[in-house]
Amino acid sequence: QVQLVESGGGLVQAGGSLRLSCVASGRTFGSYAMGWFRQAPGKERELVVAISWSPVNTYYVDSVKGRFTISRDNAKNTVYLQMNNLKPDDTAVYYCAARSGAALSTNTYAYNYWGQGTQVTVSS
């Protein structure tokens with residue numbers, strides 16, 4: 001099993017940047033694909049970005065392409081989300097998630113482990 005802890009959220013002006021981190025703990029975490037989801041008030045949770053274990057491939061929702069970058073440091077059991085040129089529409093609670101298996105998934109229900117979430121607020 002794996003446990004996830006997010007950090008790095010906060011309040012930022014439009015055009016600014018934030019870097020989210022998700023630290024995973026557990027003996028089997030190294031074989032897990034990871035993803036970042038977000039949920040804004042009144043909206044469904046959506047997948048933002050995802051990264052596989054090996055070989056490495058990534059997925060980005062269209063609205064963040066060119067602005068967000070996902071990466072992972074397996075030695076540190078950490079996945080990162082670099083968010084640049086933030087927009088007010090990016091405001092949401094961001095959740096780190098992990099799934100058993102190396103392949104990434106865009107299906108929310110494929111992810112078995114979730115962090116508590118970190119708030120990202122972008123002001124205009």
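Is Asp90 buried or exposed, going by its relative accessible area? Asp90 is buried, with a relative accessible area of 2%. Buried means under 20% relative accessible area, exposed means over 50%, and partly exposed lies in between, with a 1.4 Å probe and protein chains only.

## About the model

This is a predicted model, in which local features need pLDDT of at least 70, side-chain atom pairs count only at pLDDT 80 or more, and totals for chains, interfaces and linings use all residues. Residues are numbered from 1 along each chain as its sequence is written, and side-chain values use heavy atoms, with hydrogens and water left out.

## Overall build

The protein has 11 strands and 0 helices. Both kinds of element are DSSP runs, numbered from the N terminus: helices are H or I with at least four residues, strands are E with at least two. Along the sequence the pattern reads β-β-β-β-β-β-β-β-β-β-β.

The C-alpha trace spans about 40 × 25 × 25 Å along the principal axes.

Buried residues make up 44% of the 124 residues. The protein exposes about 6400 Å², and carbon and sulfur atoms supply 46% of it. These areas come from the Shrake-Rupley method with a 1.4 Å probe; for residues, only the protein chains shown count as cover. A contact means heavy atoms within 4.5 Å. Among contacts between residues at least 6 apart in sequence, 59% join residues at least 24 apart.

Strand S1 covers residues 3-7. Leu4 and Glu6 form its covered face. Gln3, Val5 and Ser7 form the uncovered one. S1 pairs with strand S3 (residues 18-25) in the antiparallel sense, over 5 bridges. Two strands pair if DSSP finds at least two bridges between them. In S3, Ser25 is the bridge partner of Gln3.

Val5 lies in S1. Val5 counts as exposed, at 54% relative accessibility. Beyond its neighbours within four places in sequence, Val5 is in contact with Ser21, Cys22 and Val23. Val5 and Val23 are 18 residues apart along the chain, yet 5.3 Å separates their C-alpha atoms.

## Two nonpolar cores

The largest nonpolar core has 30 residues. Such a core is a set of buried Ala, Val, Leu, Ile, Met, Phe, Trp, Tyr and Cys residues joined through side-chain atoms within 4.5 Å. Leu4, Met34, Trp36, Met83 and Tyr94 have the most contacts inside the largest core. The elements that give two or more residues to this core are S3, S4 (32-39), S5 (46-51), S7 (68-73), S8 (78-83), S9 (92-100) and S11 (118-123).

## A salt-bridge network

The whole structure holds 4 salt bridges. A salt bridge is a side-chain nitrogen of Lys or Arg within 4 Å of a carboxyl oxygen of Asp or Glu. Glu46 forms one with Arg38, with the closest N and O atoms 2.8 Å apart. Glu46 counts as partly exposed at 30% relative accessibility, whereas Arg38 counts as buried at 6%.

Asp90 forms a salt bridge with Arg38, with the closest N and O atoms 3.0 Å apart. This pair links distant parts of the chain: Asp90 sits in the loop between S8 and S9, Arg38 in strand S4, 52 residues apart. Asp90 also meets Arg67 in a salt bridge, at 2.8 Å from N to O. Arg67 lies in the loop between strand S6 (58-60) and S7, so its pairing with Asp90 ties together parts that are 23 residues apart in sequence. Both Asp90 and Arg67 are buried. Through shared partners, salt bridges join Arg38, Glu46, Arg67 and Asp90 into one network.

## Two loop asparagines

Asn77 lies in the loop between S7 and S8. Its phi is near 55°, a positive value in a residue other than glycine. Asn77 counts as partly exposed, at 22% relative accessibility.

Asn85 is found in the loop between S8 and S9. Asn85 has a positive phi of about 50°, although it is not a glycine. With a relative accessible area of 41%, Asn85 is partly exposed.
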